[in-house]
Amino acid sequence: MPFLTAGMFVWGGGPVVLPMLMTFLTPQWISPTIFLAGISFAEMMPGPVFNISCFLGIQLAINSGWNWLPGIAVCWAGLMGPGITLIFGAYTLWDELRKQRLYQHALPGLNAAAVGLLVPTMFVVYDTLQERSPWQAGSRALVVLAYYFIELCKVNVPAVVVAFGAAGLCWALAQ
C-alpha cells in the first residue's frame, strides 16, 4: 500500500515519493541506512523511480522471506501503476485537455505543488544522513564541495562520487 499511495503523487519527478516511502518503510520494514543506499544507487542510473522501487522490492522481499522477483513486481506495480494508468487513461483526452482553459490555469499550480513536495525530500534525506554520520561537520563539507565541483566546475559526476567516496573511506580508516 505505501508504494501505491506514493505512486499516486509522482508529478514532476520521482523525488516527490522519497519522503513518503521513507516515512512508510523506515525503520519498521527497512533500515534507513539501506533506504539511503537505495536512493544513492537509484540516482546513479537513469530511471530513479523505477530503480528505487526495484531495490526496495528486493530488500522488502528478502526481509520478509519472499522470493525477490515477486517483491520487485509488487513494488514496481504499486509505484509505477498509477502513472501508467493515468497516461493510458488520459491519452485519448490529452489534446482536448490541453486546450481547456481550466487546465491551462491549473497547471502552474500543480507544478508549484510538485516543487513544494520536493523540498521536504531534501530535509528528510539530509536529516537521516546527518543522524548516521560519524563525522557530521566533515559530511556537510563534503556535500558542499561535491555540489561545488559538479555544478560550478562541471566535473563529471561519477568522478566526484568516486573521489568523495574515497575521501570518506580514508577518513573512516583513519579512525
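## The nonpolar core

The largest nonpolar core holds 20 residues. Of these, F3, L21, L25, F35, L56 and L79 touch the most other members. Five helices each supply at least two residues of this core: α1 (2-7), α2 (17-25), α3 (32-43), α4 (48-64) and α5 (68-90). The model is a predicted one.

F35 shows how the packing looks around one of these residues. Leaving out residues up to four places away in sequence, F35 touches L18, L21, M22, L25, T26, I30, I52 and L56. Among these partners, L21, L25 and L56 are also listed with F35 as core members that touch the most others.

## Where α3 meets α7

Helix α7 spans residues 101-132. It packs with α3 at an angle of about 125 degrees, and the two axes lie 11 Å apart. The angle makes α3 oblique to α7. Their crossing is left-handed.

From α3, the contact uses P32, T33, L36 and I39. From α7, it uses V125, T128, L129 and R132. By class, that gives 5 nonpolar, 2 polar and 1 charged residues.

## A glutamine in α4

Helix α4 also carries Q59. Is Q59 buried or exposed? Its relative accessible area is 18%. The cut-off for buried is under 20%, so Q59 counts as buried.

Q59 touches I30 and I34, again not counting residues up to four places away in sequence. I30 is also a contact of F35.

Methods
Residues numbered from 1 in each chain as written. Predicted model: local features only at pLDDT ≥ 70, side-chain atom pairs only at ≥ 80, totals over all residues. Heavy atoms only, no water. Core = buried A, V, L, I, M, F, W, Y, C linked by side-chain atoms within 4.5 Å. Buried < 20%, exposed > 50% of the residue type's maximum accessible area, 1.4 Å probe, protein only. Helix = DSSP H or I, 4+ residues; strand = E, 2+ residues; numbered from the N terminus. Contact = heavy atoms within 4.5 Å. Axes fitted to C-alpha atoms, helices over the stretch in contact; angles between N-to-C directions. Parallel < 35°, antiparallel > 145°, perpendicular 65-115°, else oblique. Left-handed = near helix turned anticlockwise from the far one by under 90°. Nonpolar A, V, L, I, M, F, W, Y, C, P; charged D, E, K, R; others polar.
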